[in-house]
Amino acid sequence: MCSIIINNIIIILKGFVFGLANIIPGVSGGTIAVVLGIYERMIDILSNLKVKFKENIKFIIFLFIGMIISIGLCSNIISYCLNKFPFATVLFFLGLIMGGIKPIFKKIKGKINFKGIMIFLVAFISILAIMYVIPKSDSKSLEVLNLSHIIILFIMGLMGAMSITLPGISSSVILMLIGYYEPVINAVGQLAKLENTMHNLLILLIFVGGTIIGVLTISKLVKKILIKYEVYAYIGIIGFIFASSISLFITVLTGPHGTYQLIIGIILLIIGFYLSKILSAKE
């Protein structure tokens with residue numbers, strides 16, 4: 001009984017970190033899922049919900065609890081930290097990525113060929129293109145919801161599903177590119193404080209509805225790719241992770257930081273590194 005409780009707590013903790021990753025611009029939830037060792041299980045479950053339904057639904061529920069807690073409690077905190085301490089905040093997530101990347105390399109050790117190198121380069125360049133080539137739109141407003149907003153929110157949810165199922169792709173960056181990051185994250189923050197509840201709840205229900213449908217659809221495709229082309233899939237994942245990590249590092253270097261933030265950032269980097277190692281070891 002004790003081991004079951006501990007295992008459930010670990011899943012909640014992984015869900016907590018996974019939830020945080022989905023609200024940090026430039027950080028991919030899928031990447032964090034990979035380094036925490038839950039990516040393949042998530043894809044297995046989401047691609048076929050009927051297999052081991054009782055066991056798997058418990059895993060999804062506990063993971064979801066962790067996500068809801070982190071997004072609900074930390075959306076305002078994350079916004080504050082990104083505004084006031086971007087350097088230290090980003091270093092924490094770089095630590096998370098670095099701490100869990102070693103097991104991923106084991107999956108492709110000794111199996112890299114020319115085709116694999118090309119897949120790595122395509123994955124790597126595509127993420128950098130999303131980050132730096134596509135121009136960002138001005139922030140939009142969701143104070144008044146109309147039909148076009150509802151359609152856009154649903155489509156954004158579908159796109160947000162890519163962050164969960166495709167490592168390296170950040171839904172937060174996609175939202176920023178089309179100008180909807182701030183209104184969506186503000187809706188989460190206001191809902192957590194019980195402000196304008198019905199309006200913000202409607203925004204998030206539409207967005208989450210699109211995300212759920214997107215995740216269930218994309219995960220089936222990802223599952224087939226992992227079965228048929230596992231090595232190449234993980235080479236591509238490593239390309240995604242490298243590109244997103246570099247973009248985060250560039251954000252760190254170009255952002256404001258002083259001695260105080262440098263010290264805190266290095267401490268958070270180390271904490272993130274060992275937290276990732278500990279959690280990824282707990283399957």
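The crossing of helix 1 and helix 4 is right-handed (the near helix is turned clockwise from the far one by less than a right angle; left-handed means anticlockwise). The model is predicted: local features need pLDDT of at least 70 and side-chain atom pairs 80 or more, while totals for chains, interfaces and linings use all residues. Residues are numbered from 1 along each chain as its sequence is written, and side-chain values use heavy atoms, without hydrogens or water.

**Chain overview**

- The protein chain has 13 helices and zero strands (DSSP runs numbered from the N terminus: H or I of at least four residues for helices, E of at least two for strands).
- In sequence order, the pattern is α-α-α-α-α-α-α-α-α-α-α-α-α.
- Of the 283 residues in the protein chain, 45% are buried (under 20% relative accessible area, 1.4 Å probe, protein chains only).
- Among contacts in the protein chain with a separation of 6 or more, 84% are between residues 24 or more positions apart (contact means heavy atoms within 4.5 Å).

**Helix 1 with helix 4**

- Helix 1 spans residues 2–21 and helix 4 spans residues 53–84; their axes come within 6 Å and cross at roughly 45 degrees (lines fitted to C-alpha atoms over the stretch in contact, with angles from 0 to 180 degrees between N-to-C directions).
- On the helix 1 side, the contact is made by Asn 8, Ile 11, Ile 12, Lys 14, Gly 15, Phe 16, Phe 18, Gly 19 and Leu 20. Facing them in helix 4 are Phe 59, Phe 62, Leu 63, Ile 65, Gly 66, Met 67, Ile 69, Ser 70, Ile 71, Cys 74 and Ile 78.
- The residues of this contact of helix 1 with helix 4 comprise 14 nonpolar, five polar and one charged (Ala, Val, Leu, Ile, Met, Phe, Trp, Tyr, Cys and Pro are nonpolar, Asp, Glu, Lys and Arg charged, the others polar).

**Helix 3 with helix 4**

- Helix 3 packs against helix 4 at about 120 degrees, with the axes 10 Å apart. The angle makes helix 3 oblique to helix 4.
- The crossing of helix 3 and helix 4 is left-handed.
- Arg 41, Met 42, Ile 45 and Leu 46 of helix 3 meet Glu 55, Asn 56, Phe 59, Ile 60 and Leu 63 of helix 4. By class, the residues in the contact of helix 3 with helix 4 are six nonpolar, one polar and two charged.

**Helix 4 with helix 10**

- The axes of helix 4 and helix 10, residues 181–192, come within 8 Å and cross at roughly 130 degrees. The angle makes helix 4 oblique to helix 10.
- Helix 4 and helix 10 have a left-handed crossing.
- From helix 4, Ile 71, Gly 72, Ser 75, Asn 76, Ser 79 and Leu 82 meet Tyr 181, Ile 185, Val 188, Gly 189 and Ala 192 in helix 10. The contact of helix 4 with helix 10 has six nonpolar, five polar and no charged residues.

**Individual residues**

- Ser 47 lies in helix 3, residues 39–47, and counts as buried at 10% relative accessibility.
- Beyond its neighbours within four places in sequence, Ser 47 is in contact with Ser 219, Lys 220 and Lys 223.
- Ile 235 belongs to helix 12, residues 230–254, and is buried with a relative accessible area of 4%.
- Ile 235 is 116 residues from Ile 119 in sequence, yet the two are 6.9 Å apart in space, C-alpha to C-alpha.
- With neighbours within four places in sequence set aside, Ile 235 is in contact with Ile 108, Ile 112, Gly 116, Ile 119 and Phe 120.

Key:
Buried < 20%, exposed > 50% of the residue type's maximum accessible area, 1.4 Å probe, protein only. Parallel < 35°, antiparallel > 145°, perpendicular 65-115°, else oblique.
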